[in-house]
Each structure stands twice: as structure tokens, then as C-alpha cells.
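Subject: Structure handover

Hello,

Please find the structure below. My notes on what was found in it follow.

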2 protein chains.
Amino acid sequence: MSETTRIRLNAPYLLLIGTESRPTFAKTAMGLVQWCPDKVIGQLRFEGCELDLGVPDVSVTEAARSDCGSLVVGVAPVGGKVPDSWWSVMEQAARAGIDVVSGLHLRLDDHPGLVAAAKAGNARLIDVRIPPADLPVGSGKPRSGRRILTVGADCAIGKKYTALALHRALARAGADATYRATGQTGIMIAGEGIPIDSVVADFISGAAEVLSPDNQPDHFDIIEGQGSIFHPGYSGVALGLLHGSQPDGFVVCHDPLRESVSGWPHFGLPSLEEVMDAHVRMGQRTNARIRCVGISVNTSSLSTEDRATCLKQLARQTGLPCVDPLIDGCDAIARHLLDELTGR
Amino acid sequence: MSETTRIRLNAPYLLLIGTESRPTFAKTAMGLVQWCPDKVIGQLRFEGCELDLGVPDVSVTEAARSDCGSLVVGVAPVGGKVPDSWWSVMEQAARAGIDVVSGLHLRLDDHPGLVAAAKAGNARLIDVRIPPADLPVGSGKPRSGRRILTVGADCAIGKKYTALALHRALARAGADATYRATGQTGIMIAGEGIPIDSVVADFISGAAEVLSPDNQPDHFDIIEGQGSIFHPGYSGVALGLLHGSQPDGFVVCHDPLRESVSGWPHFGLPSLEEVMDAHVRMGQRTNARIRCVGISVNTSSLSTEDRATCLKQLARQTGLPCVDPLIDGCDAIARHLLDELTGR
């Protein structure tokens with residue numbers, strides 16, 4: 001595989017928080033601290049910032065003296081406009097040889113001052129929303145290794161979280177596993193990946209093939225799902241990712257209380273059975289062995305009692321491990337996968 | 001709808017043939033003469049060209065004196081490299097105020113001489129492979145008017161031809177119908193459209209919505225299908241197009257003798273029943289009324305006798321009009337649609 005077909009980031013990271021004080025707007029930075037603390041050397045906060053990620057405050061000068069690989073913009077700017085103070089620290093970092101990594105909608109390349117600083121410092125400007133060049137068309141050729149994809153009836157239903165939690169559970173159980181990132185936060189956490197929804201339509205499944213290549217027979221790729229094959233806006237992304245991933249198994253991310261597509265109130269959601277059934281039907285096209293291997297349930301709006309009942313009922317209905325990954329982790333699903341692997 | 005969200009070409013066209021002599025490499029030009037002869041004022045051939053499209057030979061100077069809208073590159077250059085002689089006539093046309101339209105892989109904008117000529121002549125350089133900017137995410141909102149999509153188990157199985165033939169049959173029958181182009185030749189024929197497989201993944205269904213907007217209740221949009229929801233490389237394009245088109249009906253393009261995906265010999269093809277069934281299942285997500293309205297069959301490798309038997313057998317099997325569009329046209333499918341419309 002060509003080195004150009006994946007985004008690859010240099011760790012460790014310094015996280016730019018600026019003056020952001022609302023946790024919702026600093027989700028990316030918080031996700032990095034939660035999922036890859038080893039990659040984070042600190043946070044860069046400006047005066048007046050009330051948010052604290054619980055990692056050291058580090059200036060660009062200090063970061064440059066250590067081996068900091070990237071300044072990561074870990075927050076969304078209020079009103080969408082990037083303040084001047086951000087541009088000056090980004091320029092300072094780039095001039096000091098630290099890559100600047102952003103998931104913002106604007107392009108770093110469009111800022112001549114930053115481009116000049118990066119040139120002077122021999123640093124890279126990386127927009128994690130921009131897919132790599134030279135992606136192939138999907139070949140559909142069978143590959144070795146095991147692949148698990150997280151799917152769901154909707155967007156924003158836990159596909160990234162579940163993939164990260166399942167990867168962690170497999171790694172803890174001693175399995176050989178890699179998390180494969182398809183979205184911007186995931187790419188920052190993994191340090192590499194492909195923003196699958198920004199790829200040109202003809203190359204969706206080809207990008208998925210590049211992302212989860214041939215591997216050892218017992219190795220697991222845990223692939224972060226995107227969109228949904230049922231989504232009126234994003235179904236193309238999801239089906240290309242399903243076909244290109246050739247998953248041996250999928251985990252359905254399920255929200256028992258969600259009644260309609262998030263942001264599309266006129267669209268109802270398919271039942272859990274329909275979601276399972278459709279993914280088997282469509283997924284069989286590139287992997288005849290595909291099956292559901294677990295249900296990842298968001299039980300946050302349920303009482304403790306209802307939560308237990310809900311998970312038990314779903315387990316009875318599906319015959320599969322059903323977990324809330326925030327509360328239980330994904331160990332039960334990992335065990336199920338490893339038991340299958342060893343034929344238990 | 002914004003004017004920027006579709007490619008729109010200026011007719012009439014002068015077709016650049018150059019020295020190409022092999023019909024296969026001049027498919028686009030031949031398609032234009034076949035499907036939109038009213039838009040074609042002539043062909044531009046260089047010395048030694050043995051191909052004749054049966055339209056007048058017209059020079060750029062003559063074209064400029066008439067009201068020629070676009071010089072259309074209607075052939076693929078041998079070996080992929082565009083000869084100098086082509087660049088000089090393209091520059092001459094642009095300088096004379098004639099748009100240059102190309103479906104070549106290279107970008108017209110990358111040629112400074114041509115860019116300067118276009119600026120001087122106030123002409124446009126249009127790559128029909130480059131999708132328009134500012135496409136929306138698909139909303140899935142129901143729209144008025146009737147939409148028919150051509151689909152199939154594979155690429156290159158007659159989806160463009162069938163859509164054009166069905167559009168022609170409906171127009172002849174007095175119906176109000178528009179052909180909606182999703183690929184480069186189709187866009188040149190229609191004079192507008194969106195190259196759906198070049199759109200960024202997140203916007204596939206949104207592009208399809210822009211392409212076939214709200215219309216009069218009895219108006220038909222006949223939408224050119226792309227790829228296949230069963231294709232290991234192009235399924236994402238096809239599902240996004242299906243969901244965004246919200247078709248009331250679809251025509252399955254079928255090749256009874258094809259056994260595997262064209263160019264993917266290790267991939268078998270689903271049966272006609274599977275193709276019909278899967279499109280209803282998946283298409284219902286955005287249009288509950290979706291159904292198959294006809295089968296368009298490629299019978300070119302069958303004897304006259306086998307051909308009749310094959311079409312009869314398929315008609316019995318599906319209960320739908322089954323035609324070979326090259327031999328029979330699509331009148332039977334058009335009649336079926338109009339009968340349904342008037343409740344007959």
C-alpha cells in the first residue's frame with residue numbers, strides 16, 4: 001500500500017484549547033485525552049479558559065523543546081471563525097517544526113502566513129477532513145485477517161465509541177487488534193486513517209480496502225463505521241464502507257429510545273432486526289461469512305432497573321452479547337469474538 | 001435551486017473528432033449524433049480521419065460565425081495524451097468565444113494557453129467530470145412529480161441507453177418527461193446534469209435530489225443510473241443515487257448471458273429477482289411506493305428465436321414489460337407507466 005493513501009500524524013500532540021470553556025465544543029480534545037493519553041503531552045490554553053482537560057499546560061516554546069509532533073486543534077471555534085490568537089500559535093508551532101493538525105472546515109493551506117511558517121519550519125499542515133490522493137476503486141478481492149465494523153440505524157449513535165471500546169477490550173484480552181479510523185476524531189486518536197465521507201464517491205469502497213488491508217489470520221481490524229445504509233443523506237458512504245471493509249462481523253449500535261433519524265424528524269428508524277438483516281444481506285456481497293457479533297446499546301436515558309431489563313431482553317431476542325459500552329465496556333463482545341476464534 | 005449546483009452546457013455543439021478512426025473511441029460523439037442531433041452543428045476532423053459521423057464538416061472559424069455554443073471533445077485520445085493539434089483548435093475556439101467541453105481525465109484548467117484563450121474570448125472551460133460546488137446533503141424530503149431510475153446488477157449494462165430510450169418513448173407518447181444525466185456522455189446529450197460518481201461521498205444523495213427536483217404531478221424524470229448496489233467498487237454511488245432519486249419506479253437493465261461483474265471475474269451476479277427485490281427493499285427507505293416498472297434486456301448475443309423466448313419468459317416471470325431497447329425501443333414500458341398514471 002502506498003504511503004500516500006492514508007493520513008498519518010506525528011505524535012505526541014499538544015492540544016489547542018484556546019479560550020473554549022464548553023466541553024461540547026472541545027469533544028475532540030477530550031476524546032484524545034480519553035482514548036490516547038500516551039499521545040498527549042499537554043493542553044494549550046489562553047487566558048480566561050475555564051476548561052481543564054487534566055493534562056499539563058504546555059506552551060509552544062516548551063513543546064518545541066520536547067519532541068512534540070503535532071499541534072492539534074481540538075476545539076471548534078465559536079461562530080466558526082478562527083480567532084487571530086489561534087493563527088499566531090499555529091504559525092509559531094509550524095515555524096518551530098511542529099505539524100499543525102486540524103479538523104476545521106476551513107483549509108489550513110488557505111492561510112499564506114501559516115503556509116510560509118510551515119515551509120520555514122519544515123512542518124506539515126494537515127487537514128484531517130481532506131482524504132489522501134490516489135485512492136483505488138474497490139476490488140472486492142478477499143483478504144486475510146478478521147474485520148469487525150460498527151454499524152447502526154443512524155448517525156451519532158455510538159459507532160466510534162463502540163469501535164474504540166471493542167478495540168480496547170480485545171487488546172486487554174491479549175488479542176492482536178487495530179482500530180481503523182474513518183472520521184476526523186478517530187484519525188487523531190489512531191494517528192492515521194481515512195475520512196471516508198470526504199472521499200470521491202467512486203472510491204468509497206476502495207478507501208475502505210486500503211484502510212483495512214490483508215493481515216495475520218488472527219488479527220482483528222476494528223473499523224469505525226460512518227453514516228448508515230438507512231440514512232437519507234449518508235447511505236452511500238455506509239454501503240461503500242460495508243462492501244469495502246468486507247467485515248466478518250458487525251456490531252449494531254442501538255439507541256432503544258431514538259424514534260427518528262437525528263436531525264431528520266420526518267424519518268423513522270428501522271427496527272434492530274431490520275438493521276441486522278439488511279447488513280447481512282448487503283454485506284454478504286463481499287464477505288459470505290458476515291454476521292452480527294453483538295449489540296452496543298445506549299442506555300443513558302434509562303433507569304438502572306430499565307437498563308438491565310432492556311439489555312437482558314435484547315440479549316434474549318438476538319442471542320448475542322448486548323452491552324452499554326460506557327458502563328460495561330465491550331468485554332462481552334470481545335470474549336464472544338475470541339471464543340468464536342478458538343472454536344469454543 | 002442554485003444555478004451553481006448543476007453543470008449547464010451551451011448548445012449547439014461542434015464535435016472534435018481529430019484523427020480518430022475507430023468508432024469505439026468516438027462513442028461520446030456518436031452518442032451525441034444519435035440522441036441529440038438538433039444540438040450538433042457538425043464535426044471537426046483533421047486530415048487522415050477516416051471516421052464520419054454523417055454530419056457536416058465545420059471548421060472553428062465557420063462555427064464561430066454561426067451561433068456555436070461549445071466545442072465538445074467527443075473522442076478519447078489514443079494513449080491518453082492529447083495531441084498538440086487538439087490544443088490549438090481548443091484555444092482557437094475559446095478565443096472565438098466558444099466554450100470548450102471535455103470529458104477527458106486531464107483538466108482543461110491546467111493548460112495556461114487554453115485558460116488565457118478562454119479569458120480573451122470570454123468562453124468557459126468545462127470538464128464534465130468535475131461536479132458542481134455547493135451540493136447539499138440529501139434531505140430525504142418527499143417531492144412532487146414522478147421519477148423513474150434505471151438500475152442493474154452491474155455497470156455498463158444499458159442504464160444510460162435505457163433511460164434515453166424510455167425518455168424518447170414517453171416524449172413520443174405525448175408525456176411530459178425530462179432525461180436526467182448522471183454521467184459525462186449523458187450530460188453532454190442533455191446539456192446539463194451532475195457526474196454523480198465524482199461527487200464527494202457525503203453529497204451523493206443530495207446531488208441526486210438537486211438533479212431531479214420537485215415537478216408537476218404528471219411529469220416524469222427519467223434518471224440515468226450509475227454503478228450498482230451489488231458492485232464491489234461502486235455500490236456507494238448507486239445506493240446514494242437510489243435514495244436521493246426517491247424513484248416511484250425503476251427499470252432493471254439485464255443481460256441474461258453475463259455471468260460475472262464486468263472486469264471483476266471473481267464476482268458472480270445476483271439473479272434478476274434479487275436485483276428487483278433489493279431495490280424495492282432499499283428504495284422504500286425514501287419512497288414507499290417504489291416498484292419495478294419494466295425490464296430492459298440486452299439480447300444482442302441471442303438468435304432471433306432465443307430472443308423472443310427470452311423476453312417472453314422474463315415477461316411471464318416478472319409480469320412486466322420486457323424489451324430490448326435497441327430493437328424494440330422502450331414504448332412498452334412507457335405505455336405501462338402511462339396506463340398506471342391514468343389508472344388503466
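This is a predicted model: local features need pLDDT of at least 70, side-chain atom pairs count only at pLDDT 80 or more; totals for chains, interfaces and linings use all residues.

Strand E7 of chain A covers residues 146–152, and strand E11 of chain A covers residues 249–254. The two run parallel and are joined by five bridges. Both belong to an open sheet of six strands in chain A, with parallel pairing and the order E8-E10-E7-E11-E14-E15. At its edges are strand E8 (177–180) and strand E15 (322–323) of chain A, each of which pairs on one side only.

Now the domains. Chain A is assigned domain 1, residues 3–127, and domain 2, residues 146–341. Taken over C-alpha atoms, the centres of these two domains of chain A are separated by 29 Å. Contacts between them involve 15 residues of domain 1 of chain A and 11 residues of domain 2 of chain A. On the domain 1 side, strand E1 (7–8) and helix H1 (27–35) of chain A supply at least two residues each. H1(A) gives the largest share of that side, four residues. By class, the domain 1 side has eight nonpolar, four polar and three charged residues.

As for the two chains, a rotation of 180° with 0.0 Å of shift along its axis superposes chain A on chain B, with an RMSD of 0.0 Å. The two copies are thus related as by a two-fold rotation axis. In the interface, 29 residues of chain A are in contact with 29 residues of chain B. Helix H7 (204–211), helix H8 (235–245) and strand E13 (264–268) of chain A are the elements that give two or more residues to the chain A side. The largest share, six residues, comes from H8(A). The chain A side is made up of 14 nonpolar, 12 polar and three charged residues. Of the interface residues of chain A, 100% are also interface residues in chain B, so the copies meet through the same surface.

Last, the nonpolar core. In soluble globular proteins, nonpolar side chains tend to be buried together. The largest nonpolar core here has 206 residues. Those with the most contacts inside this core are A:Leu15, A:Leu166, B:Leu15 and B:Leu166. Neighbours within four places in sequence aside, B:Leu15 is in contact with residues including B:Ala29, B:Leu32, B:Val40 and B:Leu44. Also among its contacts are B:Gln43 and B:Gly74.

Regards

Technical notes: Residues are numbered from 1 along each chain as its sequence is written. Chains are lettered from A and ligands numbered from 1 in the order in which they are written. Two strands pair if DSSP finds at least two bridges between them. Copies are superposed by least squares on the C-alpha atoms of residues with pLDDT of at least 70 in both. Two residues are in contact if their C-beta atoms, placed from the backbone, lie within 7 Å. Domain bounds come from an automatic or database domain assignment. Ala, Val, Leu, Ile, Met, Phe, Trp, Tyr, Cys and Pro count as nonpolar, Asp, Glu, Lys and Arg as charged, and the others, Gly among them, as polar. A nonpolar core is a set of buried Ala, Val, Leu, Ile, Met, Phe, Trp, Tyr and Cys residues joined through C-beta atoms within 7 Å. A residue is buried if 20 or more other C-beta atoms lie within 10 Å of its own, exposed if 12 or fewer, and partly exposed in between; C-beta atoms are placed from the backbone.
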